[in-house]
Amino acid sequence: MNKVTRLAILLLVGVAASIPQANASAQQSAYAGATITGTVYFVGGPRPGRSLPFRLIVDRITTPDEVNQLNAALQSGGQDELLRTLSRMKAGRIEIGSGVGVPANAILVTQEGEGRTKLTVLYQRNMRFAELRYGTRSTMYPFGYAEVFVGRGEDQGMLIPAARVRLRDGNTWEVEDFGVFPARLMGLRVRGGRNSVG
């Protein structure tokens, strides 16, 4: 059975809208300009046990208005409309392995308790030629998705290299992994940022 992660996107919008402007600006500036590096460890799928370098370059944080746009797109046109809206955004870059990577279209920042931060990354993944030519089932999973936890405690996270997104109960995003288990992000380190995070 595919691993499913639920992301309450409307809750994130509500929280972002209720943060005083000064606090919101401080939170965004703390990670804008930061680079997060580490290792991706693939638990299952076609590359079980393989490790690759990971790098997330954060140019800026996705705004609450942009998150509203993404949510409205998913509600009105499903995954296809979400993909079209997401493709017009860019918040940074995500690199797995030695390649140049792809744009990190949306990067959301939320607090996970005192001194701990979660960065949620949603991006349009590159599809291989064979996937498109033969119309394989993986083409139904056009997104990449990552959760990065930094700050107090161990800096780690998870990565879904091929994901699909659906709406559940009107206010919850359901992120489904094409593989069996998400990959693990380990040994994360934060460098740079406007407030010298990490």
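Here are a few questions and answers about this predicted model of a protein.

Q: Why does Gly157 count as buried?
A: Buried means under 20% relative accessible area. Gly157 has 15% relative accessibility, so Gly157 counts as buried. Across the protein, 45% of the 198 residues are in the buried class.

Q: What does Gly157 touch, not counting residues up to four places away in sequence?
A: A contact needs heavy atoms within 4.5 Å. Gly157, which is found in strand 9 (residues 156-168), touches Glu147, Val148, Phe149, Ala183, Arg184, Leu185 and Leu188.

Q: How do you know that the ends of helix 3 (residues 64-87) fall short of a straight helix's span?
A: Start with the expected span, which is 1.5 Å times one less than the number of residues. With 24 residues, a straight helix would reach 34 Å, but the end C-alpha atoms of helix 3 are only 17 Å apart.

Q: Where does helix 3 bend, and by how much?
A: The bend is at Gly77, and the angle is about 140°. That angle is taken between axes fitted to the seven residues ending there and the seven starting there. Among the buried residues of helix 3 are Leu74 and Gln79.

Q: What makes Arg164 count as lying over the face of Tyr141?
A: One part of the rule asks for CZ of Arg within 6 Å of the ring centre. Arg164 lies at 5.4 Å from the ring centre of Tyr141, over its face.

Technical notes. Residues are numbered from 1 along each chain as its sequence is written. This is a predicted model: local features need pLDDT of at least 70, side-chain atom pairs count only at pLDDT 80 or more; totals for chains, interfaces and linings use all residues. Side-chain values use heavy atoms; hydrogens and water are left out. Buried means under 20% relative accessible area, exposed over 50%, partly exposed in between (1.4 Å probe, protein chains only). Helices (H or I, at least four residues) and strands (E, at least two) are DSSP runs, numbered from the N terminus. A charge sits over a ring if NZ of Lys or CZ of Arg is within 6 Å of the ring centre and within 35 degrees of the ring normal.
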